[in-house]
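The sequence and model come before the points.

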Amino acid sequence: MASRLFHGVGALVAQALRARSPNGVAAVHSMASGGGVPADDDQATGLEREVMLAAQKRLEPYNMLAPKAASGTKEDPSLVPSITNKRIVGCIREEDNSAVIWFWLHKGETQRCPSCGTHYKLVPHQFAH
């Protein structure tokens, strides 16, 4: 089976090598012609390109990464980005807690989780575009 596969591939390669352009020069082109295979940076478009460029500048345009760890005290609250003046937050700080405690976080002073006492603060966030 493998010998048939290699024989078929060999025939295709031989056919490609025999192909000639009208001036008699072989018309075989490889992916590496013209500078090699393009890298991801060269061929990325749209949202993928936006995210790659932001990552190179050490920015996070769409909040895809986990939030930075904070102690959760009133002096050092966990920062929660939002494009509006309020956001719903889910807290599971206690190890043995199997349920998520949901509460609204409003712009302004730090707010305390009603269950575990961790402090959160809403910070403004702007989209990259």
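1. Ser 78 counts as buried, because its relative accessibility is 7%. The model is a predicted one. Ser 78 belongs to strand E1, which covers residues 78-82. Setting aside residues up to four places away in sequence, Ser 78 touches Ala 70, Gly 72, Arg 93, Thr 118, His 119, Tyr 120 and Lys 121.

2. On the overall layout, the chain has 3 helices and 5 strands. Along the sequence these follow the pattern α-α-α-β-β-β-β-β. The chain has 129 residues, of which 15% count as buried. The accessible surface of the chain is about 10,400 Å², and 58% of that belongs to carbon and sulfur atoms. Taking the contacts between residues at least 6 apart in sequence, 36% of them join residues at least 24 apart.

3. Which residues make up the largest nonpolar core? There are 8 residues in this core: Val 80, Val 89, Cys 91, Phe 103, Leu 105, Cys 113, Tyr 120 and Leu 122. Strands E2, E3 and E5 (119-124) are the elements that give two or more residues to this core. As background, nonpolar side chains in soluble globular proteins tend to be buried together.

4. Val 89 is a core member that lies in strand E2. Its relative accessible area is 7%, so Val 89 is buried. Apart from neighbours within four places in sequence, Val 89 is in contact with Val 80, Ile 101, Trp 102, Phe 103, Leu 105 and Tyr 120. Val 89 and Val 100 are 11 residues apart along the chain, and their C-alpha atoms are separated by 9.4 Å.

5. Leu 122 is another member of the core. With neighbours within four places in sequence left out, the contacts of Leu 122 are Val 80, Ser 82, Thr 84, Asn 85, Lys 86, Arg 87, Leu 105, His 106 and Lys 107.

6. Lys 86 lies in strand E2. Is Lys 86 buried or partly exposed? It counts as partly exposed, because its relative accessibility is 38%. Beyond residues up to four places away in sequence, Lys 86 touches Trp 104, Leu 105, His 106 and Leu 122.

7. The cysteines deserve a separate point. How many disulfides does the count come to? The count comes to 0 disulfides. For Cys 91, the closest cysteine sulfur is the one in Cys 116, at 3.6 Å, which is too far for a bond because a disulfide needs sulfur atoms within 2.5 Å. For Cys 113, the closest cysteine sulfur is in Cys 91, also at 3.6 Å and too far for a bond. Cys 91 is buried, with a relative accessible area of 2%, and Cys 113 is buried as well, at 0%. Both cysteines are listed in the largest nonpolar core.

8. What forms the nonpolar patch on the surface? The patch is formed by Ile 88, Ile 92, Val 100, Trp 102 and Trp 104, which together have about 540 Å² of accessible area. One of these residues, Val 100, lies in the loop between strand E2 (86-91) and strand E3 (101-106). Among the patch residues, Trp 102 is in contact with Val 89 and Trp 104 is touched by Lys 86.

9. A last point concerns the helical part. Leu 53 is found in helix H3, residues 46-56. The relative accessibility of Leu 53 is 36%, so this residue counts as partly exposed. Leu 53 and Asp 41 are 12 residues apart in sequence, and their C-alpha atoms are 8.5 Å apart in space.

Technical notes: Residues numbered from 1 in each chain as written. Predicted model: local features only at pLDDT ≥ 70, side-chain atom pairs only at ≥ 80, totals over all residues. Heavy atoms only, no water. Patch = residues over 30% accessible without salt bridge, like charges linked within 9 Å, V, L, I, M, F, W, Y side chains within 5 Å. Areas by Shrake-Rupley, 256 points an atom, 1.4 Å probe, with all protein chains shown as cover. Salt bridge = Lys/Arg side-chain N within 4 Å of Asp/Glu carboxyl O. Helix = DSSP H or I, 4+ residues; strand = E, 2+ residues; numbered from the N terminus. Core = buried A, V, L, I, M, F, W, Y, C linked by side-chain atoms within 4.5 Å. Buried < 20%, exposed > 50% of the residue type's maximum accessible area, 1.4 Å probe, protein only. Contact = heavy atoms within 4.5 Å.
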